[in-house]
Amino acid sequence: MSSSNPILAGKVALVTGASSGIGEATAAALAAAGAKVAIAARRADRLVALAGRIEQAGGKALAIEADIARGSDIAGMVDKVVSEWGRLDILVNNAGVMLLAPTAEADLDDWRRMIELNLIGLIGTTKAALPHLKASRGHIVNVSSVAGRVANPGASGYAATKFGVVAFSESLRREVYADKVRVTVIEPGLVRTELGDHITNAEYKAGLDHRLATMEALTAEDIANAILYAVSQPPRVNVNEILIRPTDQER
Ligand code: NDP
C-alpha cells in the first residue's frame with residue numbers, strides 16, 4: 001500500500017473483467033488506495049497472477065473465476081466476496097466485449113454475446129450486489145464508452161449496449177440515491193487494451209488497429225485514475241459521469 005492512511009482503507013471492492021486492461025489497472029489502483037479487491041473474469045490464471053502482484057505490494061486480493069454472461073456465476077461471485085470479507089462497498093462493472101461490424105454483416109451470435117455480457121451481465125451483477133451496497137452506502141461504477149454517447153457506423157450493436165449502460169445507470173441512480181448509494185458512469189474513448197482482439201470482422205479489426213497505430217491512445221491506468229477519483233470523493237459527492245477521450249480523438 002502506498003500510504004500509511006490510504007483513502008479506501010476498510011472498503012471492499014469488486015472489479016469485473018479484471019484479468020486485463022482497464023479492470024486490471026483499476027483493481028491495482030483500488031488496492032494501492034487501501035481497498036480489499038475481489039477480481040473477477042474467466043481467465044483464472046491471469047487473476048491469480050494479478051492477485052499475487054497486489055498481495056506482494058501489501059494489498060489484499062481475492063480472485064474469482066466467473067463468466068458474467070451466466071446468471072449462476074454472478075450470484076456465486078457476489079456471495080463469495082461477502083462471505084470472505086463481510087461487506088461490499090464498491091462495485092466496478094467493467095467486463096465487456098466490443099465486436100464491431102456493420103449491421104448488414106452482423107453476426108447475431110456476436111450481438112447476443114455483447115448484449116448478454118455488456119448489458120444483462122452488468123444489470124445482473126448490479127442486482128445481486130445491491131442489497132450489500134445499500135447496507136454499506138456503497139458505490140457502483142459502470143464502464144460504458146464514448147460509444148454510449150456517440151453512435152458511429154459499424155458499432156451499432158456495441159453502441160446499443162453502451163447507450164443501454166448509460167440509460168440503466170441514470171435510472172439506477174434515481175432509484176438508489178435516497179439509500180446514499182452512488183452511481184458513476186465512465187465513458188472512455190480509445191484505450192490501448194485487448195478489447196479489439198476479439199473483433200471477428202476483418203475490416204473493422206484492421207480499422208481499429210490502424211487507429212491505434214496512428215494516435216496516442218489512452219492507457220488503462222488513465223481510466224483507473226478516473227475511477228479512483230470518483231470512488232475517493234466524500235459521501236456527499238456523487239460523480240455521475242466522466243467522459244474521457246484521448247486528446248488525439250475527435251469523435
Ligand atoms: P479487455 O479486453 O482488456 O478487458 C475486458 C475484460 O472483460 C477482460 O478482463 C475479460 O476477461 C472480461 N470479460 C470478457 N468476457 C467476459 C465474461 N463473459 N465474463 C467475465 N469477464 C469477461 O478490454 P478493456 O479493458 O478495454 O475493456 C474493459 C471495459 O472498457 C469494457 O466494458 C469495454 O467496453 C470498455 N471500454 C473500452 C475502451 C477501449 O478503447 N479499450 C473504450 C471504451 C470502453 P476474460 O476474458 O478473462 O473473461
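Where is the place of K180? Select K180 and you land in the loop between α5 and β6 (182-188). Helices here are DSSP runs of H or I with at least four residues, strands are E runs of at least two, and both are numbered from the N terminus.

Before moving on, a word on what you have open. This is a predicted model, where local features need pLDDT of at least 70 and side-chain atom pairs count only at pLDDT 80 or more, while totals for chains, interfaces and linings use all residues. Residues are numbered from 1 along each chain as its sequence is written, and side-chain values use heavy atoms, with hydrogens and water left out.

**Stop 1**

Most residues other than glycine have a negative phi. Now select R137, in the loop between α4 and β5 (139-143). R137 is not a glycine either, yet it has a positive phi of about 55 degrees. Is R137 buried or exposed? It counts as exposed because its relative accessibility is 55%; the cut-offs are under 20% for buried and over 50% for exposed, with partly exposed in between (1.4 Å probe, protein chains only).

**Stop 2**

A pocket is an open set of points on a 1 Å grid over the protein atoms alone, with protein on both sides within 12 Å along at least five of seven lines, and lining residues have an atom within 4 Å of a point.

**Stop 1: the ligand**

Next, click on the ligand. Which residues come nearest to it? Of the 28 around it, they are S19, R42, Y158, V191 and T193, where "around" takes in any residue with a heavy atom within 4 Å. That shell is made up of 13 nonpolar, 10 polar and 5 charged residues.

Now look for polar contacts, meaning pairs of N or O atoms within 3.5 Å. Show the backbone of I22: one of its N or O atoms is 2.8 Å from an oxygen atom of the ligand. Turn to the side chain of R42, where an N or O atom sits 2.7 Å from a ligand oxygen. Then try Y158, with a polar side-chain atom 2.6 Å from an oxygen atom of the ligand. On its own the ligand exposes 880 Å², and the protein buries 96% of that, going by Shrake-Rupley accessible areas with a 1.4 Å probe. Colour α1 (21-32) and α5 (156-176) to see the elements that give two or more residues to this shell.

**Stop 2: an enclosed space**

How many cavities of 30 Å³ or more does the structure hold? There is 1. A cavity is a set of grid points where a 1.4 Å probe fits but cannot get out. The largest cavity has about 40 Å³ of space. To outline it, select T16, I68, N93, N94, A95, L117, G121, L122 and T125. Helix α4 (residues 108-136) supplies the largest share of this lining, 4 residues. By type, the lining has 4 nonpolar, 5 polar and no charged residues.

**Stop 3: some single residues**

While α4 is in view, pick L130, which lies in that helix. L130 counts as buried because its relative accessibility is 15%.

Back in helix α1, find A27. With 0% relative accessibility, A27 counts as buried. Its C-alpha is 9.2 Å from that of A51, 24 residues apart along the chain.

Strand β5 holds N142, which is buried, with a relative accessible area of 0%. The C-alpha atoms of N142 and G23 are separated by 11 Å, and by 119 residues along the chain.

Finish at G76 in helix α3 (residues 71-85). G76 counts as partly exposed, at 37% relative accessibility. From its C-alpha to that of A159 is 29 Å, with the pair 83 residues apart along the chain.

Note on methods
Grid points are joined across faces, edges and corners, and a volume is the space filled by probe spheres set on the points. Ala, Val, Leu, Ile, Met, Phe, Trp, Tyr, Cys and Pro count as nonpolar, Asp, Glu, Lys and Arg as charged, and the others, Gly among them, as polar. A polar contact is a pair of N or O atoms within 3.5 Å; within protein, one must be able to donate a hydrogen and the other to accept it, and residues adjacent in sequence count only if both atoms are side-chain atoms.
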